[in-house]
Amino acid sequence: MTATARRHEVMTSTPEEAEYELRQSINSYWTGGRLLVGMFTFFVASLAFTYFYLRSSNSGGLWRPAHVTAPTGTGAAIFAFSAVAALLAVVGYRRFQSGGVQDWKVAGWTAVMALVIAMGLQIYQLTQLPFYPGSSGYASTFIAWAVTNVFLLICLLYWMETLLAQSMRLRSALPVGETVADSASPRAQKFRGNLESCTFFFQFAAIVAVLFWALIYLI
Amino acid sequence: MTDTSTREPRHFARMFVLWLVVAGVADALFYTLAGPHVPPGTMTTSAKDNQFDFNVLLVIALPVLIAVWIYMGYAIVMWRSTRKGVAEPVGGAVARGNKGVQFAWIASTSTIVMGLFVFGTVALINGAGSGGGEGPNPVWSPNSKAPLQVQVIGQQWKFTYRYPSFGGFETTQLILPNNTTIEFHVTSLDVTHDFWAYQLGVKADANPQLDNVAYTTTRETGSVTVRCDELCGIWHGAMYNYGRVISPAAFEAWATATQRASVANTKLLPPYALTYVPDANGADGGLYPTNVDPYSASEVYGAKVAAS
Amino acid sequence: MSVIDAVPVTDSEPTEDYVNLGVFGRLTHRRGWLSQHLGTAVIGFVLGYLLGHWLGNVVAGGYSYVQNSGQNNVADTGGLLLGVLGWLFGAGALNYPIAKMMGREPAEERFDPSWTRYFRYTADHKVVGLQYIFSVLTFLFTGGLLAMAIRTELLSPTSHAFGPGTYIAIVSEHGTVMMMMATSIVVGPFGNWLVPLMIGARRTAFPRVEAFSFWTFTAGYLVIMSALFYGGFPTGWTGYAPLQTQAGAGMMSYLVGFAVIGMGMMAAGFNLAVTIVTCRAPGLTWGRLPIFVWSVLATAALLTLATPTLVAGGFLGILDRTAQTAFYVNEHGGSSYLWQNLFWFFGHPEVYIMALPGFGIVAEMLPVFTRKPLFAYKVAAAGMLGVALLSFFVWQHHLFQSGINPDMRPLFMLTTELISIPTGFIYLVGLGTLYKAKIRFEIPMLFALALFFNFLIGGVTGVFLSDVPVNVQVHGSFFVLAHFHYTIMGGLVFAFFGGIYYWFPKMTGKMMNKTLGKIHFWMMFIFFNLTFFPMFIIGLLGQPRRVFEYAQNLQTLNDIASVSAFFLGASFVVFVANFVWSIFINPVAAPPNPWDSLGLEWQTPSPVPYYNFERIPVIMADPYHYSEPNAPQLADLGVGSDRTDEKVEVGK
Ligand code: HEM
Ligand SMILES: [Cu+2]
Ligand SMILES: [Cu+2]
């Protein structure tokens with residue numbers, strides 16, 4: 001290794017550069033959040049496509065014999081808990097923006113609880129099915145959605161939980177009198193970018209939950 | 001300074017003349033010499049039409065290929081840095097683009113492409129699907145009154161053929177009458193195969209539980225090779241057999257004789273149908289429960305909610 | 001010029017601002033044998049596999065997919081999935097995600113001067129780029145050896161080197177490794193290594209995602225190769241159901257492998273797309289972006305948006321074989337067409353994932369070796385985006401004979417033929433740039449010119465394939481095979497090697513040997529064409545793909561292809577020899593800018609410092625101002641005399 005490499009072992013930034021790179025990371029959160037939603041959209045759309053494709057081909061008359069349906073009560077509960085979590089994330093974020101860090105934390109932890117319950121119910125539901133996975137197109141699609149939903153809920157949980165955990169550590173790291181909602185420190189700024197994206201993702205997840213609730217249980 | 005740098009040669013004029021000659025000769029040679037021998041020959045209408053399509057495409061493609069090759073060859077020779085007296089390139093706005101050239105490029109490629117699209121679509125529709133698989137309800141069919149129905153059944157790893165107009169007997173040899181419109185119904189008993197009757201210019205996937213129709217009209221007698229054209233497992237490579245197009249009279253004789261000879265066999269077959277679902281029509285080799293008819297997932301699997 | 005260089009440097013300690021990773025930080029920052037590296041990743045894979053397999057048997061013991069086969073697909077799937085997890089864990093990929101759950105933020109990674117950094121999980125985009133280069137070469141040579149086996153079998157129409165089962169396993173493995181691994185991630189090596197340097201960034205937007213993509217992708221290699229231990233899979237890279245449903249346990253490696261590789265592709269594309277959008281240096285407007293970066297952006301968009309469909313398709317396949325759903329089973333309310341649609345909805349964008357980086361590499365090299373600006377830059381960029389967009393609307397051209405939506409054939413014929421317009425822009429750009437140029441036939445340029453020769457044949461035959469009547473004749477035959485080898489091998493793989501010769505001096509500070517390079521190029525070019533051109537004729541004469549028996553009269557052509565293929569294989573031996581010779585045995589120091597390029601990546605010192613740019617550059621022009629007397633300065637690097645004395649150190 002030459003001296004050059006050794007010299008740059010630690011990056012040195014001018015204040016302008018630090019500011020510029022901070023802007024970049026905040027923008028990355030924004031752009032990344034949108035792209036992530038795009039990615040999930042294509043995944044979920046593939047499942048929706050599967051639903052409609054099997055429904056319209058109805059091979060062997062076995063799309064959905066006798067209108068079997070996954071347990072609707074549990075289904076509605078799962079949907080309700082997911083929706084509540086999304087709502088809490090959004091409302092909490094509103095409060096956060098107007099300085100209510102504590103409100104957001106409460107809303108956030110409650111959302112985490114709701115997600116855990118939704119996930120538990122989703123797994124429980126899988127053990128209570130009135131059909132076998134391979135018995136119809138509908139049954140298969142339901143299984144795929146249930147597994148996807150568990151995964152989606154885990155993603156939401158993870159994102160919200162890491163933010164909450166981070167905000168707790170941040171509190172002690174920030175100068176006294178500043179909160180993550182208003183501090184100008186780079187970490188707080190990045191945190192806010194991250195949180196904005198997370199909230200956006202919750203909104204997306206709410207739309208997915210509505211869509212699949214309708215597809216699986218209503219129509 | 002040599003005179004190349006003092007008087008710029010007319011590059012495009014040179015290339016154009018060269019192109020005109022080479023492309024013209026290449027096209028003419030191809031169309032007259034190779035064209036008539038281009039596979040799959042002219043045994044059926046679809047084979048003949050598809051051969052014609054291929055030839056037209058190649059006649060358009062050759063000048064395009066040759067234009068690019070000539071240009072590249074010219075550039076490599078004339079503008080190589082090692083050539084004595086090659087001019088210093090000029091950068092800047094002139095070298096960064098040229099509205100006229102760009103427009104001409106886009107316009108000409110778009111024209112070719114749109115032309116090809118119209119040409120291909122007309123050929124597809126006039127050719128009643130050009131011998132390709134058209135699904136269970138063909139949108140384009142030939143205007144022949146009484147096409148001969150032949151069913152092609154793919155299974156790992158062979159093709160068999162059933163003739164519904166002759167009692168639905170099944171053979172391993174594809175025999176067809178000349179000057180007749182054939183309506184192939186292609187299906188499979190297991191995985192996806194593809195029925196490729198090479199000389200007939202016919203190709204259609206054989207999907208289980210699906211009927212894939214393809215049309216062609218025979219024009220010449222001769223022998224036919226059938227190959228499976230979709231990977232269907234380990235013996236896919238050995239999944240081929242042969243057939244013949246013979247005179248209508250000979251066909252009639254063959255078909256009636258075969259029908260008579262295979263009466264006993266035909267009885268054992270599931271009744272002729274467009275698709276065969278294992279167990280629903282007895283094509284299961286006894287591996288599926290026989291007491292359940294029509295097929296019911298709930299009884300096979302003992303589902304908790306009965307299927308309708 | 002800028003305000004930046006007037007300001008004194010604050011030597012901020014990055015760690016101060018961050019809580020470190022706790023116990024995981026200790027793991028991450030430890031060095032030596034007792035730390036996390038490739039070796040622990042392998043151990044993690046093995047342990048994870050065993051654990052997952054055992055768990056699978058516990059959860060679903062006696063639940064065999066094929067009766068009395070003694071194989072339990074749940075156990076196999078569990079083994080493979082936990083194996084991948086173990087691999088990631090062993091490599092250290094999960095340290096950060098887990099520490100994050102405790103609210104910890106990572107310390108900025110320090111530069112690791114030891115050579116062992118190439119075997120570690122690292123957020124250094126240049127290390128990841130080189131890791132990717134070696135991996136992609138490994139994938140390419142693995143697939144290449146399998147190809148040699150295929151061509152050996154096809155030497156004779158009737159006598160066989162392999163049994164049919166082995167042969168089909170080889171063919172399938174070849175296709176999968178080549179399509180999914182060797183060629184689908186060319187943005188991995190070049191994108192990761194070059195994009196930050198080209199856009200004046202010190203790192204990518206999400207360095208850990210970048211590393212994650214690499215380690216996930218390599219785990220996918222293990223999973224795909226594990227099929228061989230399960231007896232292979234018989235479906236080719238396309239994995240059509242119901243054959244997929246019917247196949248043995250090797251199919252699980254294919255399905256899980258696709259999902260894992262898909263994750264890797266998505267992660268790589270995600271990170272690069274975000275990097276390009278957000279991390280450009282000041283002044284680097286969209287109109288000044290190097291064309292290679294445009295191509296990476298278009299590719300990254302396809303990677304992130306098309307791949308989820310593949311993952312979904314593979315996911316449904318996994319469910320079919322483990323939870324025993326019936327997605328692809330016609331008899332139970334599923335549809336084998338569903339797989340074909342999902343697969344090709346991804347599959348066609350995938351083929352452009354394999355084309356666009358090649359275009360970008362070549363378009364980036366042309367101005368350097370012609371000493372002219374890139375012709376029709378805007379058209380080129382627009383073409384790449386146009387191709388990316390259109391490629392979502394053409395997938396059913398792979399299904400013309402399948403019986404799916406036959407009435408839509410004209411539409412898909414139209415979209416497919418339309419896509420050849422923006423694809424053809426690369427020729428407008430290439431030919432325009434060659435006009436009245438001063439062409440230097442350095443080795444990278446030879447590869448670039450070869451792309452124009454080969455891809456032309458590939459693209460034009462693509463238009464033949466999209467004509468439905470002609471498609472009836474050639475679909476599924478060697479004609480298709482020749483088409484896509486001309487586009488992928490003749491296009492992307494040539495560009496890839498051109499790129500290696502071109503950027504190698506920057507990446508390693510060493511020059512590749514020119515004579516060996518020329519031998520490599522000419523062997524590869526000649527024997528590539530001799531291998532694959534006959535295949536067009538073989539296909540027209542009626543030989544389907546993936547067969548081990550063919551008509552007697554095709555033996556001569558097949559033998560020409562086979563023998564040429566062996567020489568083609570040998571050309572890569574020359575490359576490897578060159579590679580080893582030029583790096584390890586007889587390294588020749590490369591000048592900082594051996595090709596006299598104006599690209600920003602060449603303006604950095606050699607070797608490139610850990611943080612790429614001592615000062616963030618301010619971009620003032622695009623990098624194509626060749627042969628202009630009053631060319632504007634490309635960028636203000638803001639380092640003054642400091643940089644010159646560093647240049648002197650090169651090669652020491
Ligand atoms: C000019 C643009 C192109 C057109 C019009 C085109 C058209 C087609 C068509 C219609 C097929 C289906 C053939 C069949 O199976 O019947 C096909 C197959 C294929 N093309 Fe292209 N193509 C183009 C460019 C490319 C490029 C750039 C690549 C990759 C770099 C590519 C890779 C492939 C592959 C891999 C297949 C076969 C997939 C398989 O069946 O395994 N094509 N192409
Ligand atoms: Cu086959
Ligand atoms: Cu395609």
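# Close-up views of a predicted model

View 1. The model shown here is predicted, so to speak of a local feature takes a pLDDT of at least 70 and side-chain atom pairs count only at pLDDT 80 or more, while totals for chains, interfaces and linings use all residues. Residues are numbered from 1 along each chain as its sequence is written, chains are lettered from A and ligands numbered from 1 in the order in which they are written, and side-chain values use heavy atoms, leaving out hydrogens and water. A:Asn58 sits in the loop between helix H2 (15–57) and helix H3 (72–97) of chain A; helices (H or I, at least four residues) and strands (E, at least two) are DSSP runs numbered from the N terminus. Phi of A:Asn58 is near 45 degrees, a positive value in a residue other than glycine. Most residues other than glycine have a negative phi, and most peptide bonds are trans.

**View 2. C:Asn612, a buried residue with positive phi.** C:Asn612 is not a glycine, yet its phi is positive, at about 65 degrees. Look for C:Asn612 in the loop between helix H20 (555–585) and strand E1 (618–619) of chain C. Its relative accessibility is 1%, so C:Asn612 counts as buried.

**View 3. The copper ion (ligand 3) and the iron atom of ligand 1.** These two metals are 4.6 Å apart. The iron atom has a single donor from the protein, C:His483 (NE2), at 2.2 Å. Donors are N, O and S atoms within 2.8 Å of the metal (3.2 Å for Na, K and Ca), and sites may look incomplete because water is not among the atoms. C:His483 belongs to helix H18 (residues 478–508) of chain C. On the copper side, C:His348 (ND1), C:His397 (NE2) and C:His398 (NE2) are the protein donors, 1.8 to 2.1 Å from the ion. Their spacing in sequence is H-x48-H-H. C:His348 lies in helix H12 (residues 336–353) of chain C and C:His398 in the loop between helix H14 (377–390) and helix H15 (409–434), so this pair ties together parts that are 50 residues apart in sequence. C:His348 is buried, at a relative accessible area of 6%.

**View 4. The shell around ligand 1.** Ligand 1 is surrounded by 25 residues, the closest being C:Trp237, C:Asn471, C:His475, C:His483 and C:Arg545; a residue is near a molecule or strand if one of its heavy atoms lies within 4 Å of it. Oxygen atoms of ligand 1 meet several polar side-chain atoms here. The distance is 2.7 Å for C:His475, 2.8 Å for C:Asn471 and 2.9 Å for C:Trp237. H12, H15, helix H16 (443–466) and H18 of chain C are the elements that give two or more residues to this shell. H16(C) supplies the largest share, six residues.

**View 5. The copper ion (ligand 2) in chain B.** Its protein donors are B:Cys228 (SG), B:Glu230 (O), B:Cys232 (SG) and B:His236 (ND1), at 2.1 to 2.6 Å. Along the chain they follow the spacing C-x1-E-x1-C-x3-H. The angles subtended by the four donor atoms are 88 to 126 degrees, which makes the arrangement tetrahedral (for four donors, all angles between 85 and 135 degrees). Both B:Cys228 and B:Glu230 are buried.

**View 6. C:Arg202, with partners in chains A and C.** C:Arg202 is found in the loop between helix H7 (187–198) and H8 of chain C. At 4% relative accessibility, C:Arg202 counts as buried. Its side chain makes a polar contact with the side chain of A:Glu17 (3.1 Å). The C:Arg202 side chain also reaches the backbone oxygen of C:Phe613 at 3.0 Å. A polar contact is a pair of N or O atoms within 3.5 Å; within protein, one must be able to donate a hydrogen and the other to accept it, and residues adjacent in sequence count only if both atoms are side-chain atoms.

**View 7. Two cis peptide bonds in chain B.** The bond from B:Pro39 to B:Pro40 is cis, with omega near 5 degrees. B:Pro40 lies in the loop between helix H2 (11–34) and helix H3 (45–78) of chain B. Another cis peptide bond joins B:Gln156 and B:Trp157, with omega about -5 degrees. B:Trp157 is in the loop between strand E1 (148–155) and strand E2 (158–163) of chain B.

Definitions and conventions. Buried < 20%, exposed > 50% of the residue type's maximum accessible area, 1.4 Å probe, protein only. Tetrahedral: all angles 85-135°; square planar, octahedral: opposite > 155°, others 65-115°.
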